[in-house]
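The sequence and the structure are shown first, and the description follows.

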Amino acid sequence: MQVGAVFPQLEIGIDPEAIAQYARIVEELGYDHVVIFDHVLGADSSRPEGWTGVYDHRSLFHEPLVLFGYLAAVTKRLRLATAVIVLPQRQTALVAKQAAEVDVLSRGRVILGVGIGWNKVEYQALGMRFTDRGKRIEEQIAVLRALWTQEVVDFKGRWHRIDRAGINPLPIQRPIPLWMGGGWDRQKRTITEPALRRIAKLADGWFTHLPANEDGRTGMETFRRFVREAGRDPARVPVEGRIGAARSGPEDWKRGIAAFREIGMTSVELTTMGAGYRNLHEHLDALRRFRDLI
């Protein structure tokens, strides 16, 4: 199995040297990739309308593609994965340009994970519609792949018109691997069928929240069936599981890794956020212990 580390967005702070140190040590530990979440804006939790979101304006989020431009310069091998960019709240051609630039600067180490998100406030502030995001992301993916592989693109869609234009430089990877997130409702402990079918049809890989238990096994079986129904080979669509360090330890991690491997996941990642680690050293020590289990 390949192994990823979730960048501790909420807790790492803003010291550039600490961020560089984290990335370098993760690479030295033998991790294949580092994963980062995306939120452009956080809503004020005291707003009159109320707020039930997981994050608010006090939650620290580094901008993924800008950060990856920095990490490209301080690492040599580590792959740089977004999991996920909230694609429908962003301009598609601009995302294509930014991701291609990071791919060039990193010599072909980008994995662009995308999803539809959940934060209506963020969509509104960025001037994008929230209600059609599921349908719109499908067209966005087609636009991204065209811009990453063609010098000149002539595209007419429902939401996009590119009139014989292209980005330069093109990425090293043509196209950049485009993974997707979503497809599993953690509260209801069930798949969200429209999202999972979209992933099975379009994605180069799946960043999943499937649990390491029988629910996860059922979810994987359903995903593989959807992939086959889309005319694709499930063996060619990698899946990454996530294990949280919060309220767990090495024995739990070991069982989770074994379960994910047994149900057919190709990679696993550890997120150290929310585990109560007091400093960067403790985050990295957990990653060291986790890597030893793979």
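What percentage of the 294 residues of the protein chain count as buried? The share is 49%. The model under discussion is predicted.

**Overall fold**

The protein chain holds 9 helices and 12 strands. Its radius of gyration is 19 Å, close to the 19 Å that the globule rule gives for 294 residues, so the chain is as compact as a globular protein of that length. Along the principal axes, the C-alpha trace spans about 55 × 45 × 45 Å. If contacts between residues at least 6 apart in sequence are considered, 73% of them join residues at least 24 apart.

**Helix 2**

Helix 2 (64–74) has buried residues at Pro64, Leu65, Leu67, Phe68, Leu71, Ala72 and Val74. These residues lie on the same side of helix 2, because they cover an arc of only 165° around the axis.

Against which elements do the buried residues of helix 2 pack? Their partners are helix 1 (16–28), strand 2, strand 3 (79–86), helix 3 (92–105) and strand 4. At the start of helix 2, a side-chain oxygen of Glu63 comes to within 3.0 Å of the backbone nitrogen of Leu65.

**Thr82 in strand 3**

Strand 3 contains Thr82. This residue counts as buried because its relative accessibility is 1%, and the cut-off for buried is under 20%. With residues up to four places away in sequence not counted, Thr82 touches Ile36, Pro64, Leu65, Phe68, Ile111, Leu112, Gly113 and Phe207. Among these, Pro64, Leu65 and Phe68 also belong to the buried residues of helix 2. The side chain of Thr82 also reaches the backbone nitrogen of Gly113, at 2.8 Å. Thr82 and Ala212, which are 130 residues apart in sequence, have their C-alpha atoms 22 Å apart in space.

Ser267 is in strand 12 (residues 267–271) and is buried, with a relative accessible area of 2%. Which side chain makes a polar contact with the side chain of Ser267? The partner is Glu240, at 2.6 Å. Apart from neighbours within four places in sequence, Ser267 is in contact with Met1, Gln2, Trp179, Val239, Glu240 and Gly241.

Val153, located in strand 5 (residues 153–156), is likewise buried, with a relative accessible area of 2%. Not counting residues up to four places away in sequence, Val153 touches Ala146, Leu147, Ile162, Asp163, Arg164 and Ala165. Val153 and Ile167 are 14 residues apart in sequence, and their C-alpha atoms are 9.0 Å apart.

Glu282 belongs to helix 9 (residues 280–293). Is Glu282 buried or exposed? Glu282 counts as buried, because its relative accessibility is 17%. Leaving aside neighbours within four places in sequence, Glu282 is in contact with Gly276 and Tyr277.

**Aromatic rings**

A search of the whole structure finds 7 aromatic pairs. One of them, Trp51 with Trp118, is tilted, with 6.1 Å centre to centre and 35° between the planes. This pair links distant parts of the chain, 67 residues apart: Trp51 is in the loop between strand 2 (33–36) and helix 2, and Trp118 is in the loop between strand 4 (110–115) and helix 4 (120–125). Trp51 counts as partly exposed at 22% relative accessibility, and Trp118 counts as partly exposed at 37%.

Tyr55 and Phe61 form an edge-to-face pair, with 4.9 Å centre to centre and 80° between the planes. Phe61 is buried, with a relative accessible area of 16%.

| Arginine | Ring | Distance from ring centre |
|---|---|---|
| Arg133 | Phe130 | 3.8 Å |
| Arg197 | Phe226 | 3.9 Å |

Definitions and conventions
Residues numbered from 1 in each chain as written. Predicted model: local features only at pLDDT ≥ 70, side-chain atom pairs only at ≥ 80, totals over all residues. Heavy atoms only, no water. Phe/Tyr/Trp six-rings, centres within 6.5 Å; stacked < 30°, edge-to-face > 60°. Helix = DSSP H or I, 4+ residues; strand = E, 2+ residues; numbered from the N terminus. Buried < 20%, exposed > 50% of the residue type's maximum accessible area, 1.4 Å probe, protein only. Lys NZ or Arg CZ within 6 Å of the ring centre and 35° of its normal. Polar contact = N/O pair within 3.5 Å; in protein donor to acceptor, adjacent residues only side chain to side chain. Contact = heavy atoms within 4.5 Å. Arc of directions from axis to C-beta. Rg over C-alpha atoms; globule rule 2.2 N^0.38 Å.
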